[in-house]
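User: I've got a model open and want to see how the labels follow from the numbers. Can you take me through it?

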Amino acid sequence: MKQKQRKYGIIFLSIILIIGIIVSINLYIKIFSSNVSLKNGKQETFLFIPSDAGYNDVIELLKGKEYIIDIHAFRWVAEKKNYDRYVQAGRYKIKDGMNNNELVNMLRSGEQEPIKLTINNIRTKEDLASKVSKQIEADSAKLVELLNDNDFLEQYDFNTKTVYAMVLPDTYEFWWNTTAKDFMTRMHKEHERFWDKEKRKKAGKLNLSPVEISTLASIVDEETIKDDEMPKISGVYINRLRKGMRLQADPTVKFAVGDFTIKRVLNKHLEIDSPYNTYKNSGLPPGPINFPSKKAIKSVLNYDKHDYLYFAAKPDFSGYHNFSKTHYQHILNARKYQKALNEERIWR
């Protein structure tokens, strides 16, 4: 009798052991076996979790991506680790072969990958908002709203006309889930970092504020595509300002008209009534006419010292300019360029 009981006991324990082993293997598979399989030989991809997403939204995102082999196993591990209570927005790098434990730990901890956001060649607020919203979560309409909100911009000592000077084109690292307000705050910090004591001292020597330097730089940016010519053009405008001459900068007229595609600034354009029309108004316009580049700002701060007061585009369409000290020579240079435009049948 005792031998039978012992035998049954051994069999029972063996069954329990086998069940335990099977359960352990299943648990191990759920937790530590690869559950990510990317298509087309990809080694990594990115999962974007919006700021308003909940746990079920993340599950649907993962289903839609179709790279989770067993979504039920992922859910089991996620819920055991309470991820359903700790969803964090962001841009997450998903690697081929990841297991559920790695994936859940990354998502739960908010260990996201930053975005390298590039801002360059931006003229309008709408252009800026569009480019930024394509790279981070910030809403483009909200960005435009903030760029046009004097009450909001007042905290940074900017307004709707000068805010162009606050956002400096460059490449920055951002979290993907950055809001429009956080984007603006970051841009202000970058502006303050850029305008260090040395640059502010140089601006002071020119009797210009950082915003005024940026305003002039925005004109220089529009005048030439040649970086090596920027300091020379900056020198022309500095000379004109010092002599009390009107800048007579064509790009400011194009800004006032609202059309930067104009190749020829005509008399009708020069008559537009706008504080940005530097043919009618003395000094600098109320603010930048684009988001000026750092290289243009530096070219103004480190302008070439010379006696030129005028410049006109070269007739070879090389992008460079002919410089002159007298109005008479300038007229001759301008006529050469106008003749070249006529020959190319460019009338506007």
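**Labels and cut-offs**

Analyst: Let's start with Lys305, which sits in the loop between helix H14 (294-301) and strand S5 (310-313); helices (H or I, at least four residues) and strands (E, at least two) are DSSP runs, numbered from the N terminus. This is a predicted model, where local features need pLDDT of at least 70, side-chain atom pairs count only at pLDDT 80 or more, and totals for chains, interfaces and linings use all residues. Residues are numbered from 1 along each chain as its sequence is written, and side-chain values use heavy atoms, with hydrogens and water left out.

User: Why is Lys305 called exposed?

Analyst: Its relative accessible area is 71%. Exposed means over 50%, buried under 20%, and partly exposed in between (1.4 Å probe, protein chains only), so Lys305 is exposed.

User: What makes Glu190 and Arg186 a salt bridge?

Analyst: The closest N and O atoms of Glu190 and Arg186 are 2.8 Å apart. A salt bridge is a side-chain nitrogen of Lys or Arg within 4 Å of a carboxyl oxygen of Asp or Glu, so the pair qualifies. Both residues lie in helix H8 (residues 180-194), four residues apart, about one turn of the helix. Arg186, Glu190 and Arg193 are linked in a network of salt bridges.

User: How do Glu190 and Arg186 compare with the cut-offs, buried or partly exposed?

Analyst: Glu190 has 14% relative accessibility, so it counts as buried. Arg186, with 24%, is partly exposed.

User: What does the salt bridge between Lys295 and Asp227 tie together?

Analyst: Lys295 and Asp227 have their closest N and O atoms 3.1 Å apart. Lys295 lies in helix H14 and Asp227 in the loop between helix H10 (210-223) and helix H11 (230-243), so the pair ties together parts that are 68 residues apart in sequence. By the salt-bridge rule, the count comes to 15.

User: How does the radius of gyration of the protein compare with that of a compact globule?

Analyst: The protein has 31 Å, while a compact globule of 348 residues would be near 20 Å. The radius is taken over C-alpha atoms, and the globule rule is 2.2 Å times the number of residues to the power 0.38. Along its principal axes the C-alpha trace spans about 125 × 45 × 35 Å.
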